[in-house]
Amino acid sequence: MIVNSISLCYHNKLILAPMVRVGTLPMRLLALDYGADIVYCEELIDLKMLQCKRVVNEVLSTVDFVAPDDRVVFRTCEREQSRVVFQMGTSDAERALAVARLVENDVAGIDVNMGCPKEYSTKGGMGAALLSDPDKIEKILSTLVKGTCRPVTCKIRILPSLEDTLNLVKRIERTGIAAIAVHGRKREERPQHPVSCEVIKAIAETLSIPVIANGGSHDHIQGFLDIEDFRQATAASSVMVARAAMWNPSIFLKEGPQPLEEVMQKYIRYAVQYDNHYTNTKYCLCQMLREQLESPQGRLLHAAQSSREICEAFGLGAFYEETTRELDTRRAKLLARSPEEAEEPAEDTSGVIKMAVKFDRRAYSPQITPKMCLLEWCRREKLAQPVYETVQRPLDRLFCSVVTVAEQKYQSTLWDKSKKLAEQAAAIVCLRSQGLHEGRLGEESPSLHKRKREALDQDPGDLRAQEPSRPGELCKKPFVALASGKESPLEGW
């Protein structure tokens, strides 16, 4: 899914707004089906994203950004690639850029949330908290515009005075962003407060970049024709729809909204096909049902404790069984591939020295590990510290690591259950190739200092606690990322 160039146009577009817990892949695909031109993912916090690795999910045909606890933080697919905008929560320009570079090959645009007034966003200086710090806004957006190949946008709320609002948006425009989304309410206002179409209009008439009007669901948007009325009332280039689309994503249809039962069934099908977590599926369906939550079907949904039970509540039990069988079959076929097909990292491994070795803790001194031995040897020989590139195979979650020492790569051909074990195995390959001590019981190198047992749980080859790393020195790459040369920034942040 790597793209060379995507040029996203923000003129005359119908846009699904970023909504926490709602803007996941099934909802975005559903909105595209019903006529949305651009879809935003939910706000994702920079610190969480920087802990993720990019994994190609061959079973689902998706790209997943997976947290250390194996939770999928962001999932996307080829169908939406040219129309999905990644929205992040951030308060730091360098972190924002690191996230943008992590996801830029899989999305069409990058957006910074500067409008959410909720505490989960404003704590740490994110969301609407940024509105009181124009200098930080300018630094974040300028850094992104200069540093990523995707169009950059931001989403704001209006300030207490029109003059201050216009001064802010003019300053934002000068950063070079592609468009600005404006929620026509102040930070402290909520949906029951009227949206300020006049302020959005003043912004649209002041700026030369596209202005995207947002906040019209409560007062203005009940059907498709209302979207255009809201656009004209605000003189905006495009309209971003949030709650009205959450209640019924078919609001983007020119022909008018479809029956809710049909919409929900279509949503459930996407949720099953893309292995959406049942709690998220259930939440989105509850938002659609609204006043029907006390209906018999609503009560069945409320009681559901799995995707299977959700499907059964909506008469899709057979679909669930058929789809899960298909996914299981696909998974089994992928796992049955030959080692040459399934195990090698997706890069040119010519010149890599390989051995079939594993790290067995029982065979090594508690205080000494192969990585420690290798690091000590590199220091004595005045070589750069070893660099480990570790990948995870999505099908069985096993790891393989390649270590580079003095421009030579070393790798164990055996995959292991953790990143640390895989790296130790790679270190063993290097040490054995050089005829060096590796810390096995009975062959301990006398030059190595004794370490406490707690050091076994640390990453002695990384040295992050002692000294800053140079860019690109320490990288944690997902399964296919090695082919692209892209690095997963700020590992362990």
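K409 counts as partly exposed at 27% relative accessibility, a class that sits between buried (under 20% relative accessible area) and exposed (over 50%), using a 1.4 Å probe and protein chains only. Its salt-bridge partner is E389, which is buried with a relative accessible area of 11%. K409 lies in strand β16 (residues 408-412) and E389 in strand β14, so the pair ties together parts that are 20 residues apart in sequence. Helices (H or I, at least four residues) and strands (E, at least two) are DSSP runs, numbered from the N terminus.

This is a predicted model, where local features need pLDDT of at least 70, side-chain atom pairs count only at pLDDT 80 or more, and totals for chains, interfaces and linings use all residues. Residues are numbered from 1 along each chain as its sequence is written, and side-chain values use heavy atoms, leaving out hydrogens and water.

A whole-structure search turns up 17 salt bridges, each a side-chain nitrogen of Lys or Arg within 4 Å of a carboxyl oxygen of Asp or Glu. Here are some of them:

| Salt bridge | Closest N and O atoms |
|---|---|
| K409 and E389 | 3.3 Å |
| K266 and D33 | 3.4 Å |
| D46 and R95 | 3.0 Å |

K266 sits in helix α10 (residues 260-273) and D33 in helix α1 (residues 25-33), 233 residues apart. Shared partners join D33, R79 and K266 into one network. As for the other pair, D46 and R95 are both buried.

Strand β14 (387-392) turns up again around helix α16: it is among the elements covering that helix's buried residues, along with β15 (399-405) and α17 (419-434).

Technical notes:
Contact means heavy atoms within 4.5 Å.
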